[in-house]
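My notes follow the order in which I checked things.

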Amino acid sequence: ELAGRVERRKTGGLLVAYALAWSASSFVPGPSLPGSELRLSKQTGVEAGVAFGAFLSSAPQASVAAEPFQFIGKTSAELFPLSNVSLLTWILLLVFPSWQYTKYAALAAPVVNALLYAVTLTYLLTHPAEDAPAIDFGSLARIVTACRNPDGVLAGWLHYCCFDPLVGLGEVLDSQEQKVPHIFVVPCLLLTLLFGPVGFLSYLTVRTVILATREKQTA
């Protein structure tokens with residue numbers, strides 16, 4: 001059944017390509033420039049259609065697992081909102097950084113997302129699609145293909161929701177140890193929440209500037 005769907009998709013792509021090529025072959029532009037004429041022959045159009053159709057048929061397709069992923073009776077789409085538990089960590093880091101239990105409570109959400117990630121990853125590894133390509137992180141094309149699987153996208157999102165809050169926690173704990181005012185850490189936390197590495201680099205910059213300024217003042 002899966003092979004049939006793939007074959008129908010390839011055939012459809014070829015038919016669309018041929019139709020587009022035939023339409024293009026009858027195109028005749030407006031007045032041409034002196035000494036030149038732009039026309040597309042039907043033979044050229046068909047050749048372009050063959051090339052484009054071959055490209056469509058050879059493009060990597062999304063792999064669909066034989067059995068849809070479910071956990072506690074929920075699909076990937078239904079489990080996705082659970083990842084929002086990470087917002088609890090961000091609220092603690094932004095609003096309650098000095099609370100004595102923040103560094104412990106902030107770990108709860110990453111643990112939840114890590115467990116859900118482990119379950120999703122285990123399913124993906126034990127239930128590969130029949131046409132799933134070999135795992136290859138050395139090729140961007142392979143990574144793009146893997147990300148077309150909804151279950152794989154959920155795993156990637158959980159990975160993000162697990163580690164970014166931990167980076168934010170590290171920023172808060174380090175800022176408290178280095179006496180960096182929290183008002184300067186807040187923008188870095190927001191950037192870490194939204195753009196990950198950019199927030200991390202922002203905190204390192206703020207930290208470096210404040211510590212360097214402090215040393216000059218005490219020198």
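I began with a rule: the expected span of a helix is 1.5 Å times one less than its number of residues. The model I applied it to is predicted.

**Helix H8.** I looked up residues 150–178, which form helix H8 with 29 residues. The rule gives 42 Å, and the end C-alpha atoms lie 42 Å apart, so the two agree. Just after H8, I noted lysine 179 with a positive phi of about 60°.

**Leucine 169.** I found leucine 169 in helix H8. Its relative accessibility is 8%, so I count leucine 169 as buried, the cut-off being under 20%. Leucine 169 touches Leu93, Lys103, Ala106 and Leu107, leaving out residues up to four places away in sequence.

**The core.** Which residues make up the largest nonpolar core? I listed 12: Trp90, Leu92, Leu93, Ala106, Leu169, Val172, Val180, Val185, Cys188, Leu189, Tyr203 and Ile210.

**Threonine 102.** I placed threonine 102 in helix H5 (residues 102–105). Is threonine 102 buried or exposed? At 3% relative accessibility, it counts as buried. Leaving out residues up to four places away in sequence, threonine 102 touches Leu92, Leu93, Phe96 and Pro97.

Technical notes. Residues are numbered from 1 along each chain as its sequence is written. This is a predicted model: local features need pLDDT of at least 70, side-chain atom pairs count only at pLDDT 80 or more; totals for chains, interfaces and linings use all residues. Side-chain values use heavy atoms; hydrogens and water are left out. Helices (H or I, at least four residues) and strands (E, at least two) are DSSP runs, numbered from the N terminus. Buried means under 20% relative accessible area, exposed over 50%, partly exposed in between (1.4 Å probe, protein chains only). Contact means heavy atoms within 4.5 Å. A nonpolar core is a set of buried Ala, Val, Leu, Ile, Met, Phe, Trp, Tyr and Cys residues joined through side-chain atoms within 4.5 Å.
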